[in-house]
Amino acid sequence: MRVQAGGARIDRNRTITFTFDRQKLSAHPGDTLASALLANGIHLVGRSFKYHRPRGIVSAGAEEPNALVTVGEGALAEPNSRATMIELYDGLVARSQNAWPSVNFDLGALTGAASRFFPAGFYYKTFLGSAQRWTRLYEPFIRRMAGLGPAPTAPDPDHYDKMHAHCETLVIGGGVAGRAAAAVASGRVILLDEGSPQDTIKGVSLLSRTTAFGRYDDNLVMAVERVTDHLPPAQRSGPRQRLWQIRAGKIILATGAHQQPLVFPGNDLPGVMLASAALTYLRDFGVLVGRRIILVGDDSGADKLRAGGAEVTCFPAISAAHGRKRVSSVTAPDCRRHVCDAVLMGGHWQPAIHLHSHVGGKSVFDADKHCFVPVADSAQPFSVGACAGEVPAVTPVPPVVGPKAFIDLQNDVTIADIDLATREGFVSVEHLKRYTTTGMATDQGKLSNLNALSRLADNLASTPGAVGTTTFRPPYTPVTFGALAGHDRDLLIDPARHTPVHDWHVANDAKFEDVGQWKRPWFYPRAGEDMHRAVQRECKAVRNGVGMLDASTLGKIDIQGPDAAAFLNLVYTNAWLKLDIGRARYGVMCQEDGMVFDDGVTVRVGEQKFIMFTTTGNAARVLDHLEDYLQTEWPHLKVWLTSVTEHWAAAVVTGPQARALLSKVVSGTDLSNQAFPHLAMREARIAGHAVRLYRISFTGELSYEVHCDARFGAAVWEALFSAGAPFGVTPYGTESMHVLRAEKGYIIIGQETDGTVTPDDLGLSWAIAKSKPDFIGKRSLARPDMLRADRKQLVGLLPVSPIPEGAQITAHAGDTAMLGHVTSSYHSPTRNCPFALGLVASGRTRIGTTVHARFGDHSVTCAVIDAVLYDPEGVRIDG
Amino acid sequence: MNRFSAFSLLKEGFNGHRGWARQWRDAVPKARYDVVIIGGGGHGLATAYYLAKQHGITKVAVLEKGWIGGGNTGRNTTIVRSNYLWDESARLYDHALKLWEGLSDDLNYNVMFSQRGVLNLAHNLGDMREAKRRVNALRLNGVDSEWLEPAAVTKFCPPLDISRDARYPVMGATLQRRAGTARHDAVAWGYARAASALGVDIIQNCEVTGFARHGGAITAIETSRGRIGAGKVGMVVAGHSSVVAEMAGLRLPVESHTLQALVSEPIKPVLDCVVMSNAVHVYVSQSDKGELVIGAGIDEYLSYSQRGSFPVIEHQMGALLALFPTFSRLRMLRSWGGTVDICPDASPIISKTPLDNLFINCGWGTGGFKATPGSGHVFAHTIARGEPHPIAAPFALDRFVTGRLIDEHGAAAVAH
Amino acid sequence: MLLIPCPHCGLRDQIEFRSGGESDRARPADPSGLNEADWAEYLFLRRNEKGLHRERWNHASGCGKWFTLTRDTRTHRFVS
Amino acid sequence: MAELIRLPDAAIVALRCFPESHAIAASSLGVDLPRVNRFIAHNGLTIAAVGPDEWTIVDEGSESAALVHRLETALVGHHAAVIDISGNRVRYRVEGSDALATLARGCALDLERLAPGDCAGTLLARAQIYLLLRDVRPNVEILPRRSFARYIEAWFSSLKSSHGLLPV
């Protein structure tokens, strides 16, 4: 209850109200939820994880294992919040957890009644039988019993901010030691403190309500600032929390220490708490946790409590505490019962060495203080105050063995469980932790690890130092997922890239396809068209008239220097030394393992100048690959590589009418086939802008790629499109592009290839210059497995009915042995029949035979044909 | 060894559980063993168990540097599945999955293999193409697999957001219903207990420091607990394979990297299956305790520190919350890292070596846990017979010379 | 998270870099002259050092240059 | 709060060369080439050293062709490259007293330690940018790749909508 003494952090002149389990209660500004509940005489606030035992408030800080509640309502509800860390605001709504129907009467407590049959690891010993039985029969029940707070049901309406900061000195912990260290620190100084704002220090940026939860390599500290959680929802604006990524020159730790609970039967009853917590509640909040207090162990706080108005009896130890939903008496060593309403545990202290340990800081056991203290190390942060081991030397109170003597309060691990685990051979601390789950609760063992490993040490006639601790890992206290994501939310989790012509595509009702990070037009449906009809229309337009495709996403690399041709000769599988200026050539690129990596056309723009086109998806990878070889393997080659992917916007104009279309807008070059043949480049102007025209065809039709400075990409595209109006020019997307190229047997990297396909497998051996002494991948192509006759080879397939991409191929309808799979499958607009490409074991020798496409329960007969279905003579390429 | 059962648990309940004995003997090293397994992780312990059970070789020791199951066995996200693309992989992992289905009974230890189903999401046309190819291949290989359209995906996994305008829209998913999760620690303990009962010596805190060789064979193993003679040696030390192999004079095609994972605070049941996404490298499930178990990516630089870098976690969360917007207010409770050794083709090595009596099992990368029973089973056969088990044969070291790789990341589902 | 000393740009955050793995593995002058085993060794075998590791880094989002550093793979510390 | 202001497109040219060519390039540009991660503004030109052998030259005065021609003729016979990359990147000015704090939301550089004339290739959120500190007002210029423009703008407006920029 509230008393006159103490209350440093509260404003007694003002009263605010809040509700706990629908009960309306009052408190003062400055209260935490825990102090407010205690002020209202409420000790029972939750139920334990396993046995659903009544639990109260144990601590006054971040280490709280028991007082977990759900704060807020609806989409703002937050489960498993520690009442000791929640700053109270007017109208706060909190609910108890893990109890049904209520925290006062919880049917789950039945498991507690039968607890003797559920010792540590009981589930490993029963529920045996088939996996099916476990999954369907036993597990669902266990899952319902487990878990703490309710699962959220609505998307999080809040925003989370992220901030990078740099400083010369970072001090973590705003207590006396931390503030003193910060005051004398040099350079930019940042001081982090978990609590509400305190007085500022000159020259120090003080971050309050900020918890450093992890330390990483090279003095990086991650912290989370609770920006608006302490305000009533109506008054909140701005981000809810802010993730701080702080790179420090020097780190000083002042993270304090945690008093440890005592172990005796009934040590988990509401009303049993840490002595230090009771003193904090009195000093900061004017709250006395009981009138008749039993103080066990370290009794140094007795006088303060008496001054606060309590009757205090001190014992060096007790053998048990009794009560049901609140402690009502204890059994003293003299076996006499003593009535009480609170039991305070004056245990020994464990420095908070978590951040010291996250990046390999060592610690040793201090037998006098019975705790682990950090080992100073120049490579580790500097610890000051309690976390450095400057804690009161309190003689540990020996544990009392007996029923319901808990080591891990939240996870219901008793001292008997520790003994059982020892008996069964789980004598490594890590085994102990994993077998009993001690230290795995949401307090991460802050109040259980030391007691657990001390007991283990006793059982083994060893010492805590010899037994050692489990590894300390981030986070120090739990961190909200949303804060970890920061601004990487929704559409921002990965940049979407757009071409200069994007708005035109949107205005023309394009559906888009994700290709890598790029948004590419997929198809342009007209009213009432589905994809199939739209694609057939687009393809026919290209075959019979003229179509336009936005090819701006193609990778483009400027390659210059006296050794440029020699360099190309090493990175492509075919020959590059003899290519006339203004001419283009198709090339295949392998990785060093001989597998096809990318393909595309490269053009000789000048004596020592080339421009390489790569696939959209591989643009960055190809440049990295080339830079890597140039810088690290062949630095003697005089070559410059520069990405110009985004400098050039590119429009494909393709179809029998392509030349007619261009002749309406192009000036400065002769477009006739004689003057400007296939696989050639010309410079010209369109709508006043300089353009490069390339005769490159991915459709089999007469095709021009029109490249211009991306700043004018939209203008040039629109000029071309309006020039095409008389010819019924049709914009087409990636889907039609796929169909058109497939009819010609042209491959798509990543569709016909999957990292296991060689150029020869694709029928591209014509593009391998065997005479060249070396190129990337050459040696690997000579390995035994590359010469096998039964390698999968690309062929065309004519199925009797449509087959899906990814269908597997077998020799006969009933086979399970697979010969390969269907890589591409479409409806041919020119032949008006389904057709496909596939990789088939020794496929080229199977041309003229039939195979079976297998998918679902279907089997479709396919004739194996040459991969080129359309215009095998290639006569249409010149229009 | 006490037999585990509901009855024995009840019985012990009445005498304060004083009757439970050590789950595996605390063995002291003998002078010589027929087979010495280096590495007391799940794979090593399973190998020892099957050597004893299936091949009658019981003079076996398992040497563990620290505590059994302390490596990747106890650090993974517990996912068990067999939906691999290539025939060789599908056979290996489904062999394991079949053993998983009866493992609790076989070991008399509940490893909590929960067949709650694994979804692999497809976010673009390429994903869909690859996923359907995989489904068709798996079915012909006799492995259960099906394709779900978006509507069916949310029906199977309600908290998943399938809105089409998402950055990574869910365009469908493959589902393997027999797949799921298992209790990782229990697998190590269960195999240790069963192997120990068959006479296998499990020797913890015993670090290998070198090998004594005679000609092309290993005669003895130098350890922190003295020299131990060995007829045959099986090396199963994920993460540290290169280190131990080097002591035997071998170099391997593996690299060691840190793989991170994390769990949320426990909450009431919300996610009843495993969800994996290749494109955004998310894999998530909910444990029986109520924690969301989330796999993060690997750090691309070499590391033996079991300590990951933060950007990996950060990236993970954005992607996870895009798929599960309702998870945003949950909290990360624990994070950790493990050291995985990765092969160039993302497939394991189960193989004889240039040394007559040395056998190696490594390179499982980020996906070893799911294979534990199968890996131990075929490795035991390979050691006992001196010839590879048919399922293990394609995973021999010589594939790196012939070029016959089993490239699972060319078209890989999340390698995990 | 690593702070990586780029020889041109100084200490920069790890996210700006790409790791290129083990260093000092020069591509053979005449790959075709190598037998299968030697070629496989170049392609796939690694020292995978536990301890001091000479490794390649590329300042991908910065100056774009490749360079080699020595790092302890147990502690992540760079040594000069 | 800080504003993101799209600057008009300008001619941008990449210059690649080794030290032996610095003098010639300098005389052609009328000013010495800055060392890596520094830039200079000189009658209409901004010359930023984005790598030890790479300069990004922004010319707000004339067309790129002119500058390319000028440099190429000067560097004839040198192992150097001059490439028109005007389309590659777009330019923004981040203006306002909290410009640096705004950028610090997504940039890991120690921005407070930058001096006028410093530049860097780095990451802003998930986009690669060139960052130039024009002066200490502060006036920061960022150049993301053109296709990332919408992403950068969306990222900034997400900061605004989340009031992520309330004083820290």
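## Terms and basis of the model

A polar contact is a pair of N or O atoms within 3.5 Å; within protein, one atom must be able to donate a hydrogen and the other to accept it, and residues adjacent in sequence count only if both atoms are side-chain atoms. By this rule, 26 residue pairs are in polar contact across the interface of chain D and chain A, both residues being at pLDDT 80 or more.

The model is predicted: local features need pLDDT of at least 70, side-chain atom pairs count only at pLDDT 80 or more, and totals for chains, interfaces and linings use all residues. Residues are numbered from 1 along each chain as its sequence is written, chains are lettered from A and ligands numbered from 1 in the order in which they are written, and side-chain values use heavy atoms, with hydrogens and water left out.

## Confidence

For the complex, the predictor gives an ipTM of 0.96 and a pTM of 0.96. The pLDDT, which is the predictor's confidence in each residue from 0 to 100, averages 94 in chain D, where 96% of the residues score at least 70.

In chain B the average pLDDT is 95, and 98% of the residues score at least 70. Residues 411-416 of chain B, however, have a pLDDT below 50; beyond near neighbours in sequence, this stretch has 29 contacts in the model. Contact here means heavy atoms within 4.5 Å.

## The interface of chain D and chain A

On this interface, 47 residues of chain D are in contact with 43 residues of chain A. Together the two chains bury about 3800 Å², of which 55% lies on carbon and sulfur atoms; buried area is the accessible area (1.4 Å probe) that two parts lose on being put together, summed over both. In chain D, the residues that lose the most area to chain A are D:His79, D:Ser147 and D:Arg150, together 17% of what that side buries.

There are 8 salt bridges between chain D and chain A, a salt bridge being a side-chain nitrogen of Lys or Arg within 4 Å of a carboxyl oxygen of Asp or Glu. One of them joins A:Arg188 to D:Asp110, with the closest N and O atoms 2.7 Å apart. Strand E2 (11-16), helix H2 (64-74), strand E6 (81-84) and helix H4 (149-161) of chain D each supply at least two residues of the side that touches chain A. Of the elements, H4(D) gives the most to this side, with 7 residues. Helices (H or I, at least four residues) and strands (E, at least two) are DSSP runs, numbered from the N terminus.

## The interface of chain B and chain A

Here chain B contributes 105 residues and chain A 118 residues to the contact. The buried area is about 9500 Å², 55% of it on carbon and sulfur atoms. On the side of chain B, B:Leu140, B:Arg167 and B:Arg329 lose the most area to chain A, together 11% of what that side buries.

Chain B and chain A share 15 salt bridges. In one, B:Arg116 meets A:Glu139, and the closest N and O atoms are 2.8 Å apart. Strands also pair between these chains: strand E28 (residues 479-480) of chain A and strand E16 (residues 331-342) of chain B run antiparallel over 2 bridges. Two strands count as paired if DSSP finds at least two bridges between them. Within this pairing, A:Thr480 stands opposite B:Arg331.
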